[in-house]
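Let's take a guided walk through a protein structure together. Keep the picture open beside you and look up each place as we reach it.

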Amino acid sequence: MMGAMADRLEASLDHEASTREFGAWMTSEQKRIFLLCKRMLQDIGEADSATQDTFVKAWQSLNRPESKDLDNPASWLTRIAVNTCLDRLRSRRWQFWRKRPAPEDEQNILRVTPAAGPNAEDQIFAAEIGDRLQLALVKLSLRQRAVFALRHYEDRSLADIAGILDLDVGTVKVHLFRAIEKLREELHDLYFRDRGKQ
Amino acid sequence: MKHWTENDFQKWLYGLKEEDSHLAACGECRAESERLRVARRRTLAAPEVSEEFLAAQRRGIYNRLNHATRNFAPLRWALSAAMLLVLVVGFTLPHLKQSPVTLTNDEQLYSDLAAMEQTSEPKAIQPLHKLFEK
């Protein structure tokens with residue numbers, strides 16, 4: 001009787017400790033995962049749900065008895081987030097009645113941080129082009145979007161992206177090359193429009 | 001000496017082109033690559049996400065985790081029971097339709113009909129006859 005109670009108490013303490021540990025990890029990764037979902041889904045409400053799904057899936061996976069130690073938890077979590085977003089994008093094709101949130105709601109949640117630029121004009125210009133580039137991601141196929149988002153926004157190596165998306169590096173290169181081709185105009189404005197100014 | 005093109009620089013920025021001997025030797029291209037590196041860093045500034053929003057999101061995640069932990073086992077049992085019921089009904093229904101009882105009933109019906117055709121009185125009167133029998 002006492003043994004069973006002690007076991008239960010120990011299990012509940014273990015559970016509490018693992019929840020606290022998971023909570024700390026979640027807080028450190030939450031913003032990155034949310035922004036990745038936002039960039040892939042282009043919708044703040046859906047990105048919120050996808051971020052929640054990502055962490056719930058991660059928790060459930062970590063709590064399975066057969067779960068193994070992770071070599072790279074950040075990449076593993078990114079993989080879950082990207083797959084969650086890809087699933088949502090695939091199912092979204094059928095949801096033509098979907099409502100987009102009001103732009104003012106988005107502004108309340110996201111504020112562009114002033115970048116370390118030489119002057120305010122440059123910062124505004126960079127923010128504008130950044131927004132344009134983000135909107136232009138809809139021109140890309142789902143895989144191209146995932147590859148480009150991981151490379152451009154998360155600055156991940158091609159090998160890392162290949163690991164996250166379960167592709168070989170050659171395929172990642174092809175997707176990235178095509179994405180750059182489709183975003184040529186936006187990337188030109190982002191990098192080359194003010195050439196010679198600096 | 002052929003300078004790197006815009007296309008070359010874009011590929012290099014995204015890891016699709018390696019630095020080559022020209023980039024190492026050409027001051028102009030080297031300067032351009034540095035300018036692009038700075039431009040890229042500038043545009044990559046992540047937006048600030050409101051702390052209230054993140055806190056609400058975390059609360060949502062914790063709620064879902066608690067809900068999943070608490071309700072997962074009964075839900076699993078309920079699902080299993082429902083599936084078992086569907087399987088049982090699925091297996092039983094076709095057997096009921098083709099049961100030999102139906103055949104017996106049909107045979108019974110045919111023999112009753114044949115008997116009715118041969119008697120002049122309707123079968124429903126038979127109990128009345130029994131009332132007057134000694």
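Is B:W4 buried or exposed? B:W4 has a relative accessible area of 9%, so it is buried; that word stands for under 20% relative accessible area, while exposed means over 50% and partly exposed lies in between (1.4 Å probe, protein chains only).

A word on how to read these names and values. This is a predicted model, where local features need pLDDT of at least 70, side-chain atom pairs count only at pLDDT 80 or more, and totals for chains, interfaces and linings use all residues. Residues are numbered from 1 along each chain as its sequence is written, chains are lettered from A and ligands numbered from 1 in the order in which they are written, and side-chain values use heavy atoms, with hydrogens and water left out.

Back to B:W4, which has a partner. A pair of aromatic rings is described by the distance of the centres and the angle of the planes. Rings of Phe, Tyr and Trp (its six-membered ring) pair if their centres lie within 6.5 Å; planes under 30 degrees apart count as stacked, over 60 as edge-to-face and the rest as tilted. B:W4 and B:W12 are edge-to-face, with 6.4 Å from centre to centre and 65 degrees between the planes. B:W12 is buried too, at a relative accessible area of 10%.

Over all chains, the structure holds ten aromatic pairs. Another of them joins A:F22 and A:W59, edge-to-face at 5.1 Å centre to centre and 65 degrees between the planes. This pair links distant parts of the chain, since A:F22 sits in helix α1 of chain A and A:W59 in helix α2 of chain A, 37 residues apart. A:F22 counts as buried at 5% relative accessibility, and A:W59 does at 8%.

Now look at where the two chains meet. In contact (heavy atoms within 4.5 Å) are 51 residues of chain A and 34 residues of chain B. The rule finds two salt bridges across this interface, a salt bridge being a side-chain nitrogen of Lys or Arg within 4 Å of a carboxyl oxygen of Asp or Glu. B:R64 forms one with A:D53, and their closest N and O atoms are 2.7 Å apart.

Key. Helix = DSSP H or I, 4+ residues; strand = E, 2+ residues; numbered from the N terminus.
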